[in-house]
Amino acid sequence: MARWTNWRKLADKNYWYDDEFDHEGPACYELGIGGPRYGNIQPYYVGETGNEKKRLSAYARHGSHLSDIIEDHLKRGFTLYYRAQAMPSKKAAERMQNNLLDHHEYDWNIQLNIKEED
């Protein structure tokens, strides 16, 4: 069974660390915010992709749909991290993402987060 990678720096307020991406296959990933020395990292977003390298590089280029919230955290001195699990297919990555969303509340996932009970 695949395991999460260690948390890796994706960005701080002065730099995007997009030159170390190496996996070009499907993956499920989490984005987290923490201190500059890997302190107290909390996951805020889960996603899936058919190409981890391209997807994470897209965050570095334009922040994707999370650009405003990422920019706000970086300006306040936080560091953006990611970790991922390689998957055999994009469909498997999507299943993992949806399973995590069924069981956890991710602050930056708006559409698919667990539903509050009435």
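Predicted model: local features only at pLDDT ≥ 70, side-chain atom pairs only at ≥ 80, totals over all residues.
Figure 1. Setting aside residues up to four places away in sequence, Gly34 touches Gly39, Asn40, Ile41, Phe78, Thr79 and Tyr81. The C-alpha atoms of Gly34 and Asp12 are 10.0 Å apart in space, while 22 residues separate the two in sequence.

Figure 2. Asn40 is placed in the loop between β3 and β4, the latter covering residues 42-49. The relative accessible area of Asn40 is 62%, so the residue is exposed; the cut-off for this class is over 50%. Its backbone has a positive phi, near 50°, although the residue is not glycine.

Figure 3. Asn51 sits in the loop that joins β4 to α1 (52-62). With a relative accessible area of 15%, Asn51 is buried. Its side chain reaches the backbone oxygen of Glu24 at 3.2 Å. A polar atom of the Asn51 side chain also lies 3.2 Å from the backbone nitrogen of Lys53.

**Figure 4. Residues packed around Asn51.** This view shows the contacts of Asn51 with residues beyond its neighbours within four places in sequence: His23, Glu24, Gly25 and Pro26.

**Figure 5. Buried and exposed residues of helix α2.** Helix α2 spans residues 67-75, and Ile70, His73 and Leu74 are buried in it. Viewed down the helix axis, the buried residues of α2 fall within an arc of 100°, so they line one face of the helix. Asp68 and Lys75 are exposed, on the other side of α2.

**Figure 6. Gly77 after helix α2.** Gly77 follows α2 and has a positive phi, near 95°. A positive phi is also found at Asn40, a residue other than glycine, where the value is near 50°. Asn40 lies in the loop between β3 and β4.

How values were computed:
Residues numbered from 1 in each chain as written. Heavy atoms only, no water. Contact = heavy atoms within 4.5 Å. Helix = DSSP H or I, 4+ residues; strand = E, 2+ residues; numbered from the N terminus. Buried < 20%, exposed > 50% of the residue type's maximum accessible area, 1.4 Å probe, protein only. Polar contact = N/O pair within 3.5 Å; in protein donor to acceptor, adjacent residues only side chain to side chain. Arc of directions from axis to C-beta.
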